[in-house]
Amino acid sequence: MQKEKILSLLSEKCMQSFGCDLDEATKQQTYRAVCLVVRDLLVQTRNDFCSRYEKQQAKQVYYMSMEFLVGTSLHNNLYNLGLEDSFRAALADLNVDLDDLYEIEPDAGLGNGGLGRLASCYMDAMSSLHIPATGFSLRYEFGIFKQKIIDGWQMEFPDNWLDMGDVWLIPRKEDAVEVKFGGQVHEWMQDGKLKIEQYDYTPVLAVPYDMFISGYDSGAVNKLVLWSAKSPSNMDMNAFSRGDYVKAIEQNAMAEAISKVLYPADDHVEGKILRLKQQYLFVSASLQSIVKNHLKHFDSLDSLPQKAAIHINDTHPALCVPELLRILLDDYGYDWDRAWDICQNTLAYTNHTVMSEALERWPEYLFREQLPRIYQLVAEINRRLVNQLNTVYPGDLAKIEYMAVIANNEVRMANLCLACCHKVNGVSKLHSDILKDSIFHDYYHIAPDKFTNVTNGIAYRRWLCQSNPKLTEKLREWIGDGFLHDANALEKLMKYYDKANVLQDLQKIKRYNKEVLCNYIARSNGINVDPNSIFDVQIKRLHEYKRQLLNVLHIMHLYCVIKENPNLDIPPRTFIFAAKASAGYFMAKQVIRLIDAVSKLVNSDPAVREKVKVVFLEDYKVSLAEIIIPAADISEQISIAGKEASGTGNMKLMINGAVTLGTLDGANVEIHEQVGDDNIFLFGLTAPEVEELWKKGYNPVEYYNGNLELRRVIDMLTSGVLGSRFDEIAKSLLTNSYGAADAYMTLADFDSYVRKQEEVGRTYLDKRKFFNMSLVNIAKAGLFSADRAVTEYADDIWQVKGIK
Ligand code: CRA
């Protein structure tokens with residue numbers, strides 16, 4: 001697009017939206033004008049795309065997810081549309097730097113971590129692959145909290161993203177739908193047919209907001225529909241005229257509370273009523289709109305499975321099962337068997353975790369009270385399931401109870417999905433095997449064909465091309481542009497495996513990205529970091545199973561070693577952490593406090609700080625990850641084996657040339673398969689070894705007693721040398737006071753981790769060797785593209801095709 005054209009579109013927008021001339025606009029106004037112009041371009045492309053797939057009567061994907069961690073959109077959209085350079089040039093005429101506008105944009109943080117970001121990566125990939133898709137979620141007024149660390153403590157602050165982020169959203173008030181909560185169910189016979197009606201319920205309106213999702217160099221634009229909750233009656237006028245103002249707005253506030261805030265827990269659930277209401281609101285509203293859309297183009301819902309693939313992203317949208325059934329039975333008069341058949345063939349489910357605290361279950365009374373009709377249907381699903389199980393496992397009451405949807409006064413959402421969906425997948429080979437062999441084994445036994453694997457993938461054009469332009473430019477020079485469309489073409493880089501000048505260039509690019517990060521760290525933390533040091537990075541949610549603690553214990557060990565021997569010849573290291581802890585997660589917050597204390601100790605000690613620095617970056621989010629990842633040398637993926645379902649940060653770091661230091665967990669296993677033994681630093685127990693050790697009886701005290709280095713650092717936790725004491729952490733490692741002692745086997749893996757870290761240091765001294773490893777990691781990262789993952793979903797689970 002010509003620069004002049006862009007400027008005239010911007011001028012028009014400025015006048016329309018703010019009543020001012022473009023050259024008088026503030027930076028914020030210019031930012032909004034740019035976004036609005038881009039949005040218009042997306043709408044045009046979307047309209048063309050819709051008419052094409054509607055004409056072909058193509059099957060569509062509906063991706064249901066409580067979370068979409070979108071991050072920022074302007075850069076992504078301009079990049080995908082191929083308009084970045086022309087907008088940059090046009091704005092330069094106005095003395096505006098496009099990068100400054102990028103910085104104004106708040107992250108749309110409508111997710112906690114991996115699962116939410118995965119959903120966004122898949123939306124991007126579906127647009128790039130021309131697959132007609134709609135994502136459904138909630139329009140949280142407050143996304144994931146903003147994090148500040150004050151005296152070592154994590155503090156949470158509200159994230160008012162809509163203030164600026166609303167520019168990407170288009171409301172469709174006329175398409176609002178009603179969702180019913182509570183009340184009673186009335187059943188009666190009429191003309192020989194059973195009729196059902198819910199009465200005395202509380203109605204809540206769900207208002208859709210559209211966000212357009214572009215694909216790379218693609219004629220397809222898909223949309224994310226975010227539902228916002230609203231009370232149907234603005235105000236109780238009777239109460240208002242009585243002077244009872246609080247009562248007058250009560251119902252309003254209660255309804256609107258539903259989409260107020262994202263639940264900030266990752267891999268963990270709390271059975272809160274509000275969360276159940278959130279789930280039902282978005283599920284019911286989305287299914288009503290899917291059904292309506294289907295009937296616009298086809299004459300009955302019989303063809304729903306042929307034209308719609310509805311995907312349940314973890315169990316959060318599991319209410320899709322009874323809600324779709326309800327619509328078919330109550331609203332469209334289907335009989336049970338036919339309705340169940342349609343549900344089965346339309347719905348598929350991805351499991352994202354084996355952590356038992358993340359398996360959603362609802363107290364039965366609460367479920368029945370909030371969703372009386374849905375409860376009846378779930379009870380009937382359960383009755384039929386138990387009958388069927390009685391024939392497969394006659395007399396095995398324990399097994400049948402374990403597999404039931406309702407048992408022990410709880411409704412179990414994973415079993416609901418397993419009982420209904422035609423496909424169930426895990427998110428890495430290891431994780432999918434664990435589902436089959438252990439947590440869902442009994443379901444696997446009765447329906448082995450349901451189970452499949454789709455290893456996660458990332459939108460690498462965001463994580464490599466947009467966030468690491470220097471590397472991308474060089475890659476284009478070395479291997480051509482093929483990789484921009486097909487990540488597998490990165491493999492061509494292997495021909496430079498040993499080319500000195502290429503390895504030097506890789507080193508230079510890394511060095512440049514490290515300087516960018518150093519500047520950020522200096523601004524945010526006031527710490528001067530040496531860009532020649534190894535950037536050793538662990539960035540992800542704070543969770544005990546991810547073992548940030550193992551990383552810190554090793555740093556404490558290094559501290560002791562250097563204090564003992566100040567002339568120790570090791571390459572300098574910068575340990576970089578970024579992580580949010582769920583607000584109510586006590587141990588996770590203690591670990592943040594420990595990282596903070598260790599960083600103060602290390603960074604202020606003249607004998608140590610030349611060799612080791614520790615940095616905790618506040619408020620980890622997509623846009624911060626985009627700065628850290630291109631600068632990383634070492635990617636810490638050190639969860640206890642068997643617990644990290646996949647990980648996706650591991651893939652983002654790999655494709656940017658960081659070398660993984662990890663356990664054989666989640667997708668690390670497949671990263672290892674790709675790069676081979678020589679290009680990864682593996683340590684620790686394997687998943688079967690972990691299981692074995694639990695069976696044998698794990699006693700962390702034996703490790704403490706048997707390893708002086710380990711004992712020294714554990715003792716530091718309670719000695720006060722860190723400025724304050726960390727008794728709870730020490731206790732959690734050595735005693736049973738917080739569940740099993742050392743439930744994540746940090747002590748068992750300590751020695752192996754320390755030795756591997758020594759190897760990392762030695763390897764880095766040989767820069768050529770290290771950048772060989774780095775090169776192989778980039779070259780072999782193609783497998784982890786979201787394009788590959790989405791293609792597998794499309795072929796094996798959804799049976800959809802891209803539109804030519
Ligand atoms: N916390 C897993 O723990 C995985 C992502 C995406 C997680 C990660 O290992 O990469 O999902 N699980 O598949 C989850 O959210 C509810 O479970 C995650 O992000």
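Modeller: Start with the open sheet. Its six strands run in the order E22-E21-E20-E23-E24-E25, with parallel pairing. This is a predicted model: local features need pLDDT of at least 70, side-chain atom pairs count only at pLDDT 80 or more, and totals for chains, interfaces and linings use all residues. Residues are numbered from 1 along each chain as its sequence is written.

Biologist: What makes strand E22 and strand E25 edge strands?

Modeller: Each pairs on one side only: E22 covers 612–617 and E25 covers 681–682. A strand here is a DSSP run of E with at least two residues; a helix is a run of H or I with at least four; both are numbered from the N terminus.

Biologist: How do you know that strand E23 and strand E24 pair?

Modeller: Two strands pair if DSSP finds at least two bridges between them. Four bridges join E23 (residues 634–637) to E24 (residues 659–662), so they pair, and they run parallel. Glutamate 636 stands opposite leucine 661 in E24.

Biologist: Which strand does E2 join, and in which direction do they run?

Modeller: Three bridges link E2 to strand E3 (residues 108–110), and the two run antiparallel. Leucine 69 has glycine 109 in E3 as its bridge partner.

Biologist: Which way do the residues of strand E2 point?

Modeller: Phe68 and Val70 point one way, Leu69 and Gly71 the other, and all are buried. In a regular strand, side chains alternate between the two faces of the sheet.

Biologist: Why is lysine 652 called buried?

Modeller: Buried means 20 or more other C-beta atoms within 10 Å of a residue's own; exposed means 12 or fewer; partly exposed is in between; C-beta atoms are placed from the backbone. Lysine 652 has 29, so it is buried. It lies in helix H27 (residues 649–655).

Biologist: What does lysine 652 touch?

Modeller: Ile458, Trp463 and Ile629, not counting residues up to four places away in sequence. Contact means C-beta atoms, placed from the backbone, within 7 Å.

Biologist: What does UniProt say about Lys652?

Modeller: The unreviewed entry annotates Lys652 as "modified residue: N6-(pyridoxal phosphate)lysine". Such annotations may be inferred rather than shown by experiment.

Biologist: How do you know whether the chain agrees with a compact globule or departs from it?

Modeller: The rule is 2.2 Å times the number of residues to the power 0.38, with the radius of gyration taken over C-alpha atoms. For 804 residues a compact globule would be near 28 Å; the chain has 27 Å, so it agrees.

Notes
Contact = placed C-beta atoms within 7 Å.
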